[in-house]
Amino acid sequence: MSGEHGGARGGGTPFGRMLRELRLSRRLTIEELAEASGVSGRAIGDMERGRSLRPHPGTVTALAQGLRLDEAARADLLTALRATRPGPKAPAPAKAAQYPLPRGVPDFVGRQSELSALRALARRAADDAGPERPGPAAPPVAVVFGPPGSGKTTLAVRLAKESAPSFPDGTFLLDMRGLDAQPLLAEQAVPRLLAAWGVGDGELAGLGAEERMARYYAITAGLRAVLVLDNAGSEAQIRPLLPREGHLLVVVTSRRTLAGLEGVRRLELGALDPRESAALLRAVVGADRVDAEPAAAHVVTELCGHLPLALRVAANWAATRTNWSLGRLADRLADEDRRLDALSAGDLRVNSAFALSYSRLAPEAARMFRLLSLVPGGDFGVPVAAALTAAPPTAAEDLLEELLEAGLLMTSRDDRYRFHDLLRLYAGARHRAEDGARESAAARARLRAWLLDTAVLAGRWYEPGYGAPPPDPGRLVALDDRDQALRWIKAESDNWLAAFREAAGAGEHAVVTEVAEAMHWFSDHWVSWDRWTEIYERAAEAGASLGDAALEATHRNYLAWAYWACERRHAEAVAAARRALGLAGGCGDISQQGHAHAYLGWLQNAVGDLSSAADNCHRAQELFARADNINGYLQAANLSITLLQKTGRAPEAIAAYRKVMDALADPRNRDRVPSNVRHVTGLIARYHVSFVHLDQEHWQDAAEVLRSIHGQLDILGHHRQAGRVRLHLAKALAHLGEGAEAAAEYRTVLTMADRLPDDLLDQARTALDSLAIPEDSSRTPSGTPG
């Protein structure tokens with residue numbers, strides 16, 4: 001039976017029927033379309049009959065080229081393809097602070113000697129003390145170095161995935177972005193890794209740089225995990241991150257040897273040998289095709305310089321064109337090598353493979369590939385790609401998957417995508433050559449506007465008076481609750497921060513201050529991020545440029561918070577608050593004067609200047625009351641509780657506490673104080689007043705208020721304060737004769753050893769010893785400790 005009559009006319013899927021109609025309209029047999037497209041005749045027949053339910057986008061692109069479709073017809077064919085697929089899966093709840101491994105390649109070949117060496121290091125790291133490790137010692141560190149595209153990350157990921165059973169605490173990859181204009185610094189990497197290992201943001205916020213480093217070493221000493229520090233640019237990035245003892249295996253990848261690192265195992269990756277290159281082709285394209293044309297396969301590997309990245313890109317292209325010979329692939333590679341010399345890696349001609357795969361992309365996919373070079377961050381999700389290209393999300397996802405299938409993109413964490421740095425350079429070269437300055441500027445502006453608009457909507461989930469954004473069926477990202485907003489802000493932080501910087505550089509002062517304002521209430525939920533100082537410095541400068549003293553005062557106040565809360569720069573924080581006070585006084589802004597006094601009181605309390613702190617706190621409450629600013633008033637009132645307690649004025653502290661709780665309970669304030677602010681404000685008030693009851697030895701009152709916040713600070717990540725709650729509750733219970741319950745609380749404190757400072761642990765240990773209650777006893781002691 002001839003090809004044009006194969007299959008039932010009324011059967012198949014919408015995609016299959018359309019493909020058949022297009023083929024017949026061009027008077028092509030299945031065999032002729034197979035020859036023109038490179039897709040096998042059997043595959044085309046299966047698609048037309050509906051037996052191949054989910055053909056790859058790359059295969060559809062090849063068919064469209066063989067049919068010589070224009071852009072409109074090609075788009076219709078892709079639409080029909082999407083109709084054969086199930087609907088989009090519900091997004092999994094992302095762990096924004098995690099750094100899991102990306103997907104590995106299923107067809108890993110070669111590198112056996114290097115992999116064997118890494119496996120030996122993994123065994124050494126996982127083993128308990130033995131002949132080689134008589135006691136605490138630094139675990140082994142591997143540095144995998146070599147030229148771009150040589151498979152360093154692939155090798156590291158392979159090792160980490162296969163070693164996972166020996167490392168029960170997990171496997172992690174952090175991109176150090178060593179080739180970027182602003183590489184990730186070690187002091188920036190530390191809080192990110194600590195967060196990935198369960199250290200809450202509230203705890204991180206209370207630690208200075210040295211304390212964070214100490215916390216890092218304490219945790220790494222107890223972890224059984226693999227950490228891949230990918231794409232390192234210098235020794236300074238890596239040296240502070242190397243563990244001092246324990247079982248954390250660190251694998252560093254870099255283009256450089258990082259010769260300044262001592263005591264590490266270095267493994268150099270070069271090009272694959274001919275046998276390994278052929279094995280990679282065989283794994284991706286198919287053994288039968290490679291073994292049938294050994295000479296052509298050899299030419300292909302030579303044209304790719306035996307570089308894994310180039311080989312994989314070329315092989316992925318050939319894999320979707322099952323009807324073409326490897327000789328034809330070799331000819332195409334040679335042709336494309338003459339088309340462009342925009343990229344090289346030493347003497348390796350990798351651009352031939354890139355150019356071939358690029359030239360065979362559908363126009364929409366090629367445009368997506370070029371424009372993605374404009375994404376400023378290390379990785380991106382589907383919404384960023386959709387905003388950049390003005391494509392619907394489903395279409396953008398299909399195009400990304402087509403680029404992934406072609407080997408022109410890689411996956412990153414949480415279903416995100418990223419470029420290999422060589423391919424980013426190649427995409428940028430094609431963008432400059434093909435899109436022109438106007439298209440480039442339009443795409444940049446489109447992405448910047450979307451990133452900053454979304455940042456404002458996400459940040460305002462936390463701001464009084466805003467909350468959920470208005471419904472918008474065209475919104476590219478779900479922002480239905482605070483958790484979704486938080487996940488987006490964290491996942492896209494590199495991208496929206498870069499957009500924020502661009503806006504500041506372009507003099508878009510109103511945009512800069514709007515984004516910074518929207519992030520103000522959110523910033524308390526991510527204090528450990530290392531960019532808040534920059535954001536509020538730029539926002540304050542923008543306010544000054546606009547000639548708006550009240551606006552500048554607002555952001556100087558926020559800057560005072562950032563200097564101290566995020567970086568412990570006390571003098572700069574005080575100076576910023578005083579400048580804000582002067583600006584606010586000059587323009588008559590009562591609320592910002594109140595905030596400046598509140599920040600000054602907060603900063604003076606931090607260094608023990610209680611008298612000055614109390615004066616500023618009292619002044620802040622007066623100003624907030626005049627301005628009818630309930631949220632500012634509650635913050636200042638909470639500060640007054642602890643200041644009154646520290647100065648021995650217990651009755652006044654309790655009165656201040658009652659004012660706070662009365663204000664929170666007042667129905668008139670229900671809409672003025674958001675639920676999350678009300679919850680946290682109440683927690684802080686009860687925490688502060690518990691110290692008053694403890695000082696007065698009012699054990700019953702202390703126990704009641706501490707029980708009311710028991711476990712809630714842990715959820716917020718405020719582990720140090722949560723430890724104090726348990727410690728103080730245990731003390732109150734012991735004095736009330738509830739010895740067994742007190743002992744249980746002390747023991748719980750001791751289980752938090754990796755999250756609490758030594759002084760709290762020592763207190764719990766000493767108090768537990770004084771109780772002398774067996775661990776399984778429910779007996780109440782006859783006496784109580786003094």
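Reader: Which residues does Trp496 touch, not counting residues up to four places away in sequence?

Author: The model considered here is predicted. With residues up to four places away in sequence left out, the contacts of Trp496 include Trp488 and Ile489.

Reader: Are α22 and α25 roughly parallel or roughly antiparallel?

Author: Two packed helices are described by the angle between their axes and the distance between the axes. For α22 (residues 436-459) and α25 (residues 509-523), the axes come within 8 Å and cross at roughly 30°. Because angles under 35 degrees count as roughly parallel, the two helices α22 and α25 are roughly parallel.

Reader: How many residues of the contact of α22 with α25 are nonpolar?

Author: Leu452, Ala455, Val456 and Gly459 in α22 meet Val511, Glu514, Val515, Ala518, Met519 and Phe522 in α25. One residue of this contact is polar and one is charged, while the nonpolar ones number eight.

Reader: What percentage of the residues in the protein chain is buried?

Author: The protein chain has 38 helices and seven strands. Of its 786 residues, the buried share is 55%.

Terms used: Residues numbered from 1 in each chain as written. Predicted model: local features only at pLDDT ≥ 70, side-chain atom pairs only at ≥ 80, totals over all residues. Heavy atoms only, no water. Contact = heavy atoms within 4.5 Å. Axes fitted to C-alpha atoms, helices over the stretch in contact; angles between N-to-C directions. Helix = DSSP H or I, 4+ residues; strand = E, 2+ residues; numbered from the N terminus. Parallel < 35°, antiparallel > 145°, perpendicular 65-115°, else oblique. Nonpolar A, V, L, I, M, F, W, Y, C, P; charged D, E, K, R; others polar. Buried < 20%, exposed > 50% of the residue type's maximum accessible area, 1.4 Å probe, protein only.
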